Structure formats: structure tokens, C-alpha cells
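Morning, everyone. Please bring the model up on your screens, and I will walk you through a few places in it.

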There are 2 protein chains.
Amino acid sequence: MRDVAIIGVGQTKVGEHWDVSLRHLALEALQAGMADAGVARADAIYVGNMLSGELIGQEHLGALIADFAGLRGTEAFKIEAACASGAAALRMGIVAVAGGMANIVVVVGVEKMTDTLGPDTTTALAMAADGDYEAAQGVSFVAINALLMRRYMHEYGYSHQDFAPFAVNAHRNGMNNPFAMFQFPVTAERFARGKMICDPINLLDSSPICDGAAALVLAPADAASAFSAVPIRIAGSAVGTDALAVHDRRDPLVLDGAVLSARRAYEQAHIGPQDVDLFELHDAFSIMAALSLEAAGFADKGQGLRLALDGEIGIEGRVPVTTMGGLKARGHPVGATGVYQVVEVVQQLRGLAGASQVLDARVGMAQNIGGSGATAITHILERME
Amino acid sequence: MRDVAIIGVGQTKVGEHWDVSLRHLALEALQAGMADAGVARADAIYVGNMLSGELIGQEHLGALIADFAGLRGTEAFKIEAACASGAAALRMGIVAVAGGMANIVVVVGVEKMTDTLGPDTTTALAMAADGDYEAAQGVSFVAINALLMRRYMHEYGYSHQDFAPFAVNAHRNGMNNPFAMFQFPVTAERFARGKMICDPINLLDSSPICDGAAALVLAPADAASAFSAVPIRIAGSAVGTDALAVHDRRDPLVLDGAVLSARRAYEQAHIGPQDVDLFELHDAFSIMAALSLEAAGFADKGQGLRLALDGEIGIEGRVPVTTMGGLKARGHPVGATGVYQVVEVVQQLRGLAGASQVLDARVGMAQNIGGSGATAITHILERME
């Protein structure tokens with residue numbers, strides 16, 4: 001198998017794009033990525049998306065986007081793994097290039113959550129959870145996360161206010177990202193006054209409903225320097241799964257799928273958490289940020305939040321997270337998020353992260369989580385030269 | 001890259017399974033396939049499905065099915081390409097095994113179309129077409145096919161009754177398949193009296209709405225004989241795409257995506273249509289059967305129907321099609337269909353097709369079509385010993 005590199009990235013600004021359709025969002029990101037890589041065609045296009053059918057009445061995104069981009073004929077599928085759909089599409093692209101079935105693959109993550117036809121978005125998002133044993137009982141996706149957050153606070157003796165650093169950090173970093181949805185600061189005081197969504201989760205614990213698309217162009221690493229001045233090698237790519245329903249988990253406060261996924265990725269990359277310069281984690285809710293830090297080996301059980309409280313998650317901290325705003329401030333167009341995370345790691349490793357730049361970043365990690373932890377996909381990226 | 005073989009197959013009976021959930025259907029097929037192959041684990045599970053979100057309010061099928069099958073932790077995604085989702089999942093499995101990223105992959109196609117929560121099934125199926133430029137204008141999926149059928153009749157001077165052989169053949173063969181939904185004959189006279197659905201398409205031109213699941217187990221060909229007495233090699237696997245909207249096509253009566261897909265698959269297999277012993281085509285509507293025969297090179301333009309009228313599509317004909325009932329009689333649980341087609345080709349090549357057995361079948365082809373032709377996926381299979 002061959003090493004795979006990222007030779008181009010593209011993204012749209014995340015936001016409520018009431019006047020832009022899904023296909024236009026995808027096109028903008030895809031064209032930006034292909035222009036960045038300097039390629040005019042691809043062997044395959046894999047599209048990460050979760051809710052196009054439910055929300056805008058459109059399936060079959062692979063062929064739709066291939067055709068709309070002028071790439072009619074090209075192999076193209078949609079890949080779905082709930083909120084981890086973006087990284088799942090990337091994973092399929094890596095498998096295709098690493099194995100030699102494709103030389104150039106374009107991965108597009110896209111989600112259109114405003115101007116919808118379908119059910120309300122809360123109902124649609126609950127399809128990431130167990131339909132028969134969670135959603136059908138009336139529990140929403142935010143409610144599942146609220147149960148986890150309450151339990152975490154109870155087990156380890158934290159207050160709600162202790163979660164503030166995640167939102168504060170994400171918004172501080174998002175202000176430096178022109179593609180982020182929210183470009184304003186959040187203080188700990190403002191976090192304390194956040195509107196309650198689902199006790200104990202308030203508005204500032206939560207990532208927003210929004211639209212966006214991001215794209216990555218992959219090529220064999222040994223050919224990458226022909227396309228990109230700073231190609232980024234994919235050193236690890238691994239998936240772990242777990243039960244959809246929280247009540248079926250071994251321990252609700254341990255993301256076993258994420259533990260497995262991170263461990264496999266570290267093994268592939270021959271590194272450990274201490275070697276990671278930045279970590280784009282899946283802060284759909286602040287509780288997920290804490291649990292992800294623990295699952296990925298940056299903190300012991302119950303200590304993920306401590307890392308944040310100790311100021312170690314900032315750009316100059318021990319484990320910089322959500323360096324371009326994360327799901328909280330960049331936004332969380334669900335099926336696109338996993339691709340945005342990797343685009344941002346590439347920006348960091350290229351040294352193009354502006355005021356959010358992590359100094360001398362050479363190794364970055366992204367972890368995309370589907371549902372409340374049933375799918376976890378970890379990618380470790382390394383600057384090649 | 002390595003050759004890939006199919007070492008196990010499984011399927012549920014297709015039908016209206018009002019009392020069986022999606023996860024139970026998937027489990028039954030997956031367990032049958034894994035038992036057939038004699039494997040207890042997999043490196044990855046790829047699930048072909050189109051409409052689980054819209055119809056039963058459940059996304060995230062990869063992790064759901066992995067966990068329900070006792071394979072928690074395993075890499076698992078849903079792959080979607082409208083009605084070609086099943087073959088798309090198979091394609092991803094082949095890419096993973098051929099490239100060396102996985103040794104054992106389980107591919108599951110599943111669709112649950114009865115006992116639904118969501119929009120009516122006709123609305124959901126239209127999501128295979130162009131949402132903005134076809135479905136939003138009020139055209140249903142059957143209406144798109146009706147336009148194509150009317151145009152075909154007009155261009156080439158056929159009557160509606162000329163399409164009867166497709167239904168007659170499919171039902172005759174389905175009677176020999178215990179997994180088929182319909183196990184009764186259809187005569188040309190009965191076809192003539194079929195209830196009108198969308199002029200000129202009548203009930204007996206149309207595949208049924210139904211539930212079902214099928215599974216395939218893949219392994220490297222050089223290890224296949226350890227698992228299966230008659231392993232089946234995948235000699236060709238190729239995808240072609242086209243515009244979703246019929247009005248955007250080069251010629252509405254030529255399935256360019258299917259032409260491309262078949263040509264690529266023939267090249268990989270180093271064969272031509274004359275070498276194919278049976279062809280599981282995508283007879284979602286009888287017009288699609290005619291167009292598929294032409295796209296795959298078995299007949300010239302406008303002559304696909306002639307092949308059927310000349311009696312060449314039966315088990316002993318020149319191009320046996322829908323040998324186990326096809327979409328028409330076996331049934332068309334949309335995201336599962338592409339997997340059923342390949343399971344049936346395997347049965348033929350193993351010599352286990354019962355009264356529908358094609359004599360001395362050594363090379364079989366399956367072509368799964370998404371939408372009215374925007375995705376076409378062709379697989380060519382060869383008996384190994």
C-alpha cells in the first residue's frame with residue numbers, strides 16, 4: 001500500500017446560507033480544493049453527508065455533485081456515518097488511493113440545514129442515535145448529550161461553569177478564521193448566562209445548526225510534491241465503532257469507539273498523544289470535547305475537563321484544540337464537519353492558520369464522532385518536508 | 001492490487017416484512033453470509049442503503065448493524081448511490097480488499113420500505129432524481145421512467161405489449177427462487193391487462209416496494225479457497241455516472257453512465273458481452289431492462305427490446321437476464337438490490353440456481369442502476385476453478 005497525501009483543500013464559509021443550495025455549496029468547496037491542488041479531474045469523488053434526504057429531499061449526491069462540477073462520468077458515492085460522515089468519506093478516499101484503485105480522489109463534505117423541506121432538524125439529527133430505543137422514546141440528540149454531561153459532573157464533581165473554557169477557547173480561535181460562522185468572543189461570564197437548551201446543556205455548550213461544505217484532494221504521497229508546495233501526509237486513518245444507544249455502552253463516560261480509533265491511528269503513525277501538536281476534536285457539545293480528550297489519551301478519565309481548566313487547550317497550551325473555532329464557533333454542518341476538521345489541520349501544518357497558528361506544528365490530529373460516540377474516526381496528519 | 005473473491009453470500013426473503021425491523025433484516029443476511037463463508041469477524045462492514053433516514057428515521061446504519069451483529073468496534077459505514085447503493089457498498093468493499101486495507105469485508109444491502117414513519121415512499125424514491133429540477137416540479141420517479149418508455153416506443157415503433165417478455169421471464173424465473181417476493185407466473189395476456197400506474201407504465205412493468213437484505217463476504221482471491229469450495233472471483237468492478245435529470249442527458253435513450261461502467265468492467269475482465277453467460281440487469285421498470293441491454297453492449301440502440309421479443313433473454317437464450325426473478329419478481333428493496341443481484345450471480349456460478357440454472361455458467365455480470373441512470377455500477381464475476 002502507498003502513503004497518501006493531501007494536496008489540496010477548499011471550504012465555504014460556514015453559516016446560514018438561505019440563498020445557496022447544497023449543490024452550490026459543494027461546488028464552491030470542490031472547486032477551491034481542486035484549484036488548490038491544480039487538478040482538473042479525479043478518479044473518484046466521495047461525498048460525506050448525513051441529512052440531505054431528510055432535510056432537502058435529495059439523495060444520490062455522488063452523481064449530482066460530480067455532474068454539477070463538470071465531472072460527469074466519474075465514480076461518485078455518498079458516505080454516511082451520522083456526524084462522522086465527513087471523515088468516513090475521507091477514509092474511503094484514503095482506502096482507494098492507498099490501495100492503488102485511484103490516483104486522485106476528491107472528498108467533499110457538505111450539509112445544508114437551513115431552508116429545509118423535511119422534518120425539523122432536531123428530529124433529523126436524532127437519526128444519529130438509536131431510532132428504536134432512544135429517538136422513538138422521545139429523547140433528542142441534545143438530551144442524550146445532556147445525560148452524559150450531567151453524569152460527568154456527578155461522577156467527577158465538576159460544575160457546569162467548569163465547561164466554559166471550551167466555548168471561550170473555540171470562540172477566541174474562530175475569530176481568526178474567516179470561514180467560521182461565529183466571529184465574536186465568548187467570555188466565561190457570558191457562558192454562565194447562556195440560554196438553557198436541555199439542562200445542563202446551554203446554548204454556549206452547543207454547536208450551531210448551519211450550512212457548509214469543505215473539500216480535500218488526495219494523491220499518492222510520492223507524487224504529492226508535483227501538486228503542492230507543502231503536501232501533508234496521512235500518517236494514520238482509523239475507525240472505531242460502538243453501540244448507538246448510550247444505555248448499551250460498556251461505560252457511558254468512556255467513548256470506547258474513540259479510544260479504539262485513536263489507538264489504531266497512533267499505531268499506524270508510530271506516535272503517541274505526546275507527539276500531537278494540535279487536536280481538532282469533535283466539540284458538538286462541550287461534554288464531547290472533554291470525553292474526546294480522554295478517549296484520545298490526552299487526559300485520564302474524568303480529567304479532560306481539568307486540562308481545559310488548566311489552560312492547556314489554547315494555541316500555546318499542551319494540547320491546542322478547536323484551533324480554527326471547532327464545531328462550536330466554526331460551526332457544525334454535520335456531514336461536512338469531518339472534512340472541515342482535516343482542512344483546518346492542513347492549514348495549521350502548512351503554517352497558514354494566521355493568528356491561530358500553532359507554532360512549529362508538524363503533527364496534527366482530527367477526530368470526527370458520529371452520534372454520541374458510536375462512530376469515531378481519527379486521522380493523523382504530518383507535514384512532509 | 002490483489003484479486004478479490006466472494007467467499008460467502010446470504011439473503012432474506014424479499015417481501016413486505018411488516019413485523020421485522022431493518023436491523024433484524026440486515027442481521028439475518030449478514031449472519032447467513034458469514035456462516036456461508038465460515039468467518040466470525042470482519043475488518044470492515046459496508047452497508048448499502050438508500051432510504052433508512054427518510055422512511056424509518058434511522059441513519060448511522062454502519063455502527064448500528066456492526067453492533068447488532070456482535071461486531072462492535074468494526075469499521076462500518078453506510079454507502080448511498082440511490083438504487084445503486086448496494087453495488088456501491090460492494091464497490092467500496094472491493095476497493096478495500098483489493099488495495100490491502102482489509103482482508104475480510106462484509107457487504108450488506110438492506111432496505112425497509114414497509115411500516116415506515118416518514119414521507120410516502122413515492123416521495124422518498126424521487127430523491128434519486130434531481131430534487132430541484134425534477135422532483136420539485138412534481139415529477140415522480142415512475143413518471144420519469146414513463147417518459148423514457150414513451151419516447152422509446154415512439155422512436156423505435158414498439159407497442160406497450162412488446163415489453164411483456166421482461167415481466168413474463170422475470171416471473172417465470174422468480175418461481176424457482178425461494179427468496180423472491182413473487183412466486184407466480186405472469187402471462188403476456190395478464191401483462192396486457194395490468195393496472196395502469198403512469199402511462200405507459202403499468203403494474204407489471206414495475207418492480208415492487210418491499211423489504212429485504214442481502215450480504216456478501218469478500219476476501220483476497222488467493223486465500224479464498226480456504227473459505228469456500230467454489231470461490232467466485234471479481235473480474236470487473238466499475239462505476240459510471242451521468243446527470244441526475246433526464247433533460248440534462250446527452251440522449252435520454254442512452255444510459256451513458258451504464259455504457260461507461262460496462263465498458264470499464266469489460267476492460268478489467270478482458271472480455272466482451274459475448275463472453276457473459278448471464279446478466280442480472282436493473283429492471284426497476286421494463287424500460288430500464290431494454291436500455292440496460294443496449295448500454296451493456298448486448299444489443300444495438302433500440303434493439304434491447306427486440307432481444308426480449310426474440311426469446312433471447314430466457315435461461316436458455318443468448319443473454320439470460322433476471323434469472324432469479326430480477327427486480328420485478330424477486331423484488332426491489334432499493335438499497336439492497338445491488339447486493340441481491342450479485343448474490344444471485346454467485347448462486348448461478350456455483351451451480352446452485354436450481355430450476356433457473358444457466359447451464360455451465362462461468363461468467364456472470366450484474367449491473368445496478370441508481371436513479372434513471374445517473375449511477376451505474378457493473379460487476380463481472382467468474383467461477384475460479
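Start at Leu148(A), which counts as buried at 2% relative accessibility; buried means under 20% relative accessible area, exposed over 50%, and partly exposed in between, with a 1.4 Å probe and protein chains only. Leu148(A) sits in helix H6 of chain A, residues 141-156. Helices here are DSSP runs of H or I with at least four residues, strands are runs of E with at least two, and both are numbered from the N terminus. What does Leu148(A) touch, leaving aside its neighbours within four places in sequence? It is in contact with Val246(A), Pro252(A), Leu253(A), Ile287(A), Met288(A) and Ser372(A). Contact means heavy atoms within 4.5 Å. Now look across the chain: the C-alpha atoms of Leu148(A) and Ala66(A) are separated by 40 Å, and the two residues are 82 apart along the chain.

A word on what we are looking at. This is a predicted model, where local features need pLDDT of at least 70, side-chain atom pairs count only at pLDDT 80 or more, and totals for chains, interfaces and linings use all residues. Residues are numbered from 1 along each chain as its sequence is written, chains are lettered from A and ligands numbered from 1 in the order in which they are written, and side-chain values use heavy atoms, with hydrogens and water left out. For chain A the mean pLDDT is 97, and 100% of its residues reach 70 or more. pLDDT is the predictor's confidence in each residue, from 0 to 100. The model scores ipTM 0.98 and pTM 0.98.

Next, the symmetry. Chain B can be laid on chain A by a turn of 180 degrees and a shift of 0.0 Å along the axis, with an RMSD of 0.0 Å. That is the relation of a two-fold axis. In chain B, the C-alpha nearest the axis belongs to Gly99(B), at 1.7 Å. The superposition is by least squares on the C-alpha atoms of residues with pLDDT of at least 70 in both copies.

Now the interface. 61 residues of chain B are in contact with 61 residues of chain A. 100% of the interface residues of chain B are also interface residues in chain A, so the copies meet through the same surface. About 4500 Å² is buried between the two chains, and carbon and sulfur atoms give 56% of that. On the chain B side, His60(B), Phe77(B) and Met101(B) lose the most area to chain A, together 16% of what that side buries. Buried area is the accessible area, with a 1.4 Å probe, that two parts lose on being put together, summed over both.

On to charges. One pair is Arg23(B) with Asp132(A), at 3.2 Å from N to O. This pair crosses between chains, from helix H1 of chain B, residues 22-37, to the loop between helix H5 (121-125) and H6 of chain A. Arg23(B) is buried at 7% relative accessibility, whereas Asp132(A) is partly exposed at 38%. Arg91(A) also forms a salt bridge with Glu75(B), with the closest N and O atoms 3.0 Å apart.

Within chain B, Asp242(B) pairs with Arg249(B) in a salt bridge, with the closest N and O atoms 3.7 Å apart. Both Asp242(B) and Arg249(B) are buried.

Last, some backbone. Most residues other than glycine have a negative phi, and most peptide bonds are trans. Ala82(A) has a positive phi, near 55 degrees. It lies in the loop between strand E3 (75-80) and helix H4 (85-99) of chain A, and it is buried, with a relative accessible area of 0%. The peptide bond from Asp199(A) to Pro200(A) is cis, with omega near 10 degrees. In chain B, the bond from Asp199(B) to Pro200(B) is cis too, with omega near 10 degrees. Pro200(B) is in the loop between strand E5 (196-198) and strand E6 (201-202) of chain B.

Terms used: Salt bridge = Lys/Arg side-chain N within 4 Å of Asp/Glu carboxyl O.
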